[in-house]
Amino acid sequence: MRRFLKAFVTQGLSGHHLLPLILLITFLLPALYGNCAIANATENTEEIPRIYDNAGLLSTSEREKLEDMCITYGEKAGIEIFILTHNDPGAKEPEKYLEDFNATLPEGDRVLLLIDMNDRFIWIQGYGLAETYIHSKRIDKIYEAMKGSMGGGDYVEAFATYIKKSAAYMEDDTDLNWDHDYSASSPQSGDAYYDYYGDGRNDLWTSWWFQLIVSLILGGVIVGTMAYHSSGKMTTGGYTYMDRNHSGLIGRRDQYLRTRVTRVRRPKENTTTSHGKGGGFNAGGFRGGVSSGGRSHSSGGGRF
């Protein structure tokens, strides 16, 4: 193409040479420009919003203030900071919800916060460098620092605490999570997984399995007591009809009847890993998981 342009400038082109050049420029330049635009849109994450307030917890001014904080503190710490909220009773579990959202973004160093107002749940995940620095033990501290404000309805204060502490942890090089293998056993999914990280004292009394056990125990005691008092007492026994003066052993015989064989199914070994599940623990005791797309992350949180 450069040769064509040089000939066009220095010597000029005849009519039958000019037409192919025009066609080449017409089709080639838009294609090159389009590819560059797609690459820039994919790599430029500065234009991606940081706040997704689907639960409507923030006013316009509050959202703009927190948006600026996410960008300012995030650029200083070298990560992207996101906040998501929803009040959807049919939404996916917090772990999966954040994994699916992160899958829509290019891979990067970021921390994500989800506020589930329907189940009143706080959940945080760290990806890339944030997985190393904002690991589950530090996520627990962020959760503890912000859950009081969340419970009191001071959402701006809670989100600001999350932003500031996340950025601060990126500058703390102590006790980092370099081992991202979450293959150790732990609650894998469902309510049991999130109850494990919630307030166990409150969840114990409201959990269905605890209430079932208590109901069975009480029912057994009541039925046993009624059966005991309703049945008559036995006043006769075997000795009532025995003539002790003429009784005696007249013979003995052992008779084989049958043999019973009981077969018990051998339990399968637990080969479940954290891939695509709620998560697990690694050798250092850090919690996290791997999304269906293969992106490893730290995670943690609880109810408020």
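Which helix holds both Glu-144 and Lys-147, and how many residues apart are they? I found both in helix H6, 3 residues apart, about one turn of the helix. Helices here are DSSP runs of H or I with at least four residues, strands are E runs of at least two, and both are numbered from the N terminus.

**Entry 1: ground rules**

I am working with a predicted model, in which local features need pLDDT of at least 70 and side-chain atom pairs count only at pLDDT 80 or more, while totals for chains, interfaces and linings use all residues. Residues are numbered from 1 along each chain as its sequence is written, and side-chain values use heavy atoms, with hydrogens and water left out.

**Entry 2: the whole chain**

I counted 10 helices and 7 strands in the protein chain. Of its 304 residues, 34% are buried. For this I took buried as under 20% relative accessible area, exposed as over 50%, and partly exposed as in between, with a 1.4 Å probe and protein chains only. The chain exposes about 20100 Å², with carbon and sulfur atoms supplying 55% of that; the areas come from the Shrake-Rupley method with a 1.4 Å probe, and for residues only the protein chains shown count as cover. I also looked at contacts (heavy atoms within 4.5 Å). Among those between residues at least 6 apart in sequence, 72% join residues at least 24 apart.

**Entry 3: the sheet**

I traced an open sheet of 7 strands with mixed pairing, in the order E1-E2-E3-E4-E7-E6-E5. Strands E1 (51–53) and E5 (280–281) stand at the edges with a single partner strand each, so one side of each has no neighbour in the sheet. My pairing rule is that DSSP finds at least two bridges between the strands. E5 and E6 are antiparallel and joined by 2 bridges, and Phe-281 stands opposite Arg-287 in E6.

**Entry 4: strand E3**

How many of the residues of E3 are buried? I get 7 of the 7, so E3 is largely enclosed by the rest of the structure. Both faces are covered: Arg-110, Leu-112, Leu-114 and Asp-116 are buried on one side, and Val-111, Leu-113 and Ile-115 on the other.

Next I checked the neighbours of E3. E2 runs parallel to E3 and is joined to it by 7 bridges, with Ile-83 opposite Leu-113. E2, helix H4 (residues 94–103) and E3 make a right-handed β-α-β unit; right-handed means that, with the strands pointing away from the viewer, the path from the first strand over the helix to the second runs clockwise. E4 is antiparallel to E3, again with 7 bridges, and Ile-115 stands opposite Ile-122. E3 and E4 form a hairpin with 4 residues between them, and Arg-120 in the turn has a positive phi of about 50°.

**Entry 5: nonpolar cores**

I defined a nonpolar core as a set of buried Ala, Val, Leu, Ile, Met, Phe, Trp, Tyr and Cys residues joined through side-chain atoms within 4.5 Å. The largest has 36 residues, and those touching the most other members are Leu-113, Ile-115, Ile-134, Met-146, Met-150, Phe-159 and Tyr-162. Elements supplying at least two residues each include strands E2, E3 and E4 and helices H6 and H7. H7 gives the most, with 9 residues. Leaving out residues up to four places away in sequence, I listed the residues that Ile-115 touches; among them are Leu-57, Phe-121, Met-146, Phe-159 and Phe-304. A second, separate core of 11 residues includes Phe-82, Leu-84, Leu-105 and Leu-114.

**Entry 6: salt bridges**

My search turned up 6 salt bridges in the whole structure, using a side-chain nitrogen of Lys or Arg within 4 Å of a carboxyl oxygen of Asp or Glu.

- Arg-110 pairs with Glu-80, the closest N and O atoms being 2.9 Å apart. This links E3 to E2 across 30 residues. Arg-110 counts as buried at 1% relative accessibility, and Glu-80 as buried at 12%.
- Asp-140 pairs with Arg-287, with closest N and O atoms 2.7 Å apart. Asp-140 lies in H6 and Arg-287 in E6 (residues 287–290), so the pair ties together parts 147 residues apart in sequence. Asp-140 is partly exposed at 25%, whereas Arg-287 is buried at 9%.
- Glu-144 pairs with Lys-147, the closest N and O atoms being 3.5 Å apart. Glu-144 is partly exposed at 47%, and Lys-147 is partly exposed at 30%.
- Lys-92, Lys-96 and Asp-100 are linked in a salt-bridge network.
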